[in-house]
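This report describes a protein model together with its two ligands. The sequence and structure are shown first.

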Amino acid sequence: MKIIVTGGAGFIGGNFIHHMVNKYPDYEIVNLDLLTYAGNLETLKPVEGKPNYKFVRGDIADREFVYGLFEKEKPDVIVNFAAESHVDRSVVDPGSFVRTNVMGTTTLLDACRKYGIKRYHQVSTDEVYGDLPLDRPDLFFTETTPLHTSSPYSASKASADLFVLAYHRTYKLPVTISRCSNNYGPYHFPEKLIPLMISRALADEPLPVYGTGENVRDWLHVSDHCEAIDLILHKGRVGEVYNIGGHNERTNLEVVKTILRALDKPESLIKYVTDRPGHDMRYAIDPTKIEKELGWEPKYNFDTGIQQTIRWYLDNQDWWKHILSGEYSSYFENMYGERLSGK
Ligand code: NAD
Ligand code: TYD
C-alpha cells in the first residue's frame, strides 16, 4: 500500500506520518508538502531515515506537478492534511485559503479521478459547522448538523468538503471525510493557542487572550486524531463523514490558567486583547458515530494530555525556538503588536 500524505510537515500531518511509518513498516508513505511557513522538516527527523518514508516538496494546487507525482508514484491512498490552517491569517488574507484549501483539494480530487485510487481521505474540521451558543451545553455537532461557517478559513474547508462529497456522488470517487475538534500535542506551531501560551509563559511574556476568554473549544490530543484517521482508512465506509472529538470542552481562560499553573507562572501574565472578528463561541463534537461504528475511543483526556504536551514543549525547546527566531517573529509583531501595547 502506498499512501501520499499531503501537509505532512505540519502539525497533525507530521504526527500522522510518525504514527503510520512506525505502525505499518510494509506501507510506503510519501510526504507531499510545500513547506510554507507552517511546514517544518525538523518534525520529520525521527522518521527521516526509515525505508518506508520519503519527502517530496510540492504544491497541491499545482496541477502539472500533482499529475506528474501521481503518474510516478501510483498511490493507492491520499490523505489530505495540506491546508492554510490559521483562522487569524484567514481574516487577513482569505485568497491564500481559497487557493490551497479549495483549489488544492479539487486538484487532488481530479488527479484521483484521472489516475484512480482506492481511497481519498479529506482531513476537515468541526469549524465547518459554525459555532454553538454558550447557554446550550446540551447541543453538539453531529455529522448531519448543517454547514454554517464563520471565518474565511472555515468557509474554505466547508467548500472543500462539498467538492469531496460531490466527487463521490458524481464520479463515484471512494472518499471519506473526518471533522475533528481542536487538536493539541507535540509539534504544534506556536501561533495556535496552546503552544503560543506555553512558549510565551516560559519567557514571562504577556499572554494575549481574545475578548473575555469565555470561548469554548473541544480539545483532542493529536495522537487520538491520528488513530481515528487510521481507523477510518481501514474500516470507514466510503462516502461517509466521521466527527472526531473526546468531550473535552474548556474555555480559553481555563486552558491558559492550566498552563500557567503547570509552569508555576502568575495569572498576571494574562492580557485581554481585542477580540478576533467573527470569533466562534463554542465548538463541541458528538463522536457517537465513530465510537459505535469503528470502535474509536481517545486515550487521552485533556487533563492528562495537556500535562504530556507541556512536558514535550519543555523537553523540545530547540524545535519551537527555531520557529520563533525565524519569519514567524514578524507575523507576531503584525498580529499582536498594537493589541498588546493597548493601542
Ligand atoms: P498546519 O498549518 O500545521 O500544517 C499545514 C501543512 O500544509 C504545512 O506543513 C504546510 O507547509 C502544508 N501546506 C500548506 N499549503 C500547501 C500546499 N499548497 N501544498 C502542499 N502543502 C501545503 O496545519 P495542521 O494544524 O496540522 O492541520 C492539518 C489539517 O487538519 C488541516 O487541513 C486543518 O484544516 C485540519 N484540522 C486542524 C485542526 C487543528 O486543531 N489544528 C483541527 C481539525 C482539523
Ligand atoms: P486557535 O488555536 O487559533 O484555534 P481555532 O481558532 O481554530 O479554534 O484558537 C483557539 C482559541 O483561542 C480561539 O477561541 C481563539 C483563542 N485565542 C486567543 O485567545 N489568543 C490567541 O493568541 C490565539 C492564537 C487564540
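## Ligand 1 and its surroundings

A polar backbone atom of isoleucine 12 lies 2.7 Å from an oxygen atom of ligand 1; such a polar contact is a pair of N or O atoms within 3.5 Å, and within protein one must be able to donate a hydrogen and the other to accept it, while residues adjacent in sequence count only if both atoms are side-chain atoms. The model is predicted: local features need pLDDT of at least 70, side-chain atom pairs count only at pLDDT 80 or more, and totals for chains, interfaces and linings use all residues. Residues are numbered from 1 along each chain as its sequence is written, chains are lettered from A and ligands numbered from 1 in the order in which they are written, and side-chain values use heavy atoms, with hydrogens and water left out.

| Residue | Ligand atom | Distance |
|---|---|---|
| Isoleucine 60, polar backbone atom | Nitrogen of ligand 1 | 3.0 Å |
| Valine 123, backbone N or O atom | Oxygen of ligand 1 | 3.5 Å |
| Asparagine 182, polar side-chain atom | Oxygen of ligand 2 | 2.9 Å |
| Arginine 217, polar side-chain atom | Oxygen of ligand 2 | 2.7 Å |
| Arginine 276, side-chain N or O atom | Oxygen of ligand 2 | 2.5 Å |

Ligand 2 has 510 Å² of accessible area on its own, and the protein covers 97% of this area (Shrake-Rupley method, 1.4 Å probe; for residues, only the protein chains shown count as cover). Around ligand 2 there are 19 residues, of which Glu127, Arg217, Arg276, His279 and Tyr336 come nearest (near means that a heavy atom lies within 4 Å).

Ligand 1 is surrounded by 29 residues, and Ile12, Asp33, Ser85, Tyr153 and Lys157 are the closest. Strand E5 gives the largest share of this shell, three residues (strands, E, have at least two residues and helices, H or I, at least four; both are DSSP runs numbered from the N terminus).

## Strand E5

Is strand E5 enclosed or open? Seven of the seven residues of E5 (residues 119-125) are buried, so the strand is largely enclosed by the rest of the structure (buried means under 20% relative accessible area, exposed over 50%, partly exposed in between, with a 1.4 Å probe and protein chains only). Arg119, His121, Val123 and Thr125 cover one side, and Tyr120, Gln122 and Ser124 the other; all are buried.

E5 pairs in the parallel sense with strand E4 (residues 77-80) over four bridges (pairing requires at least two DSSP bridges).
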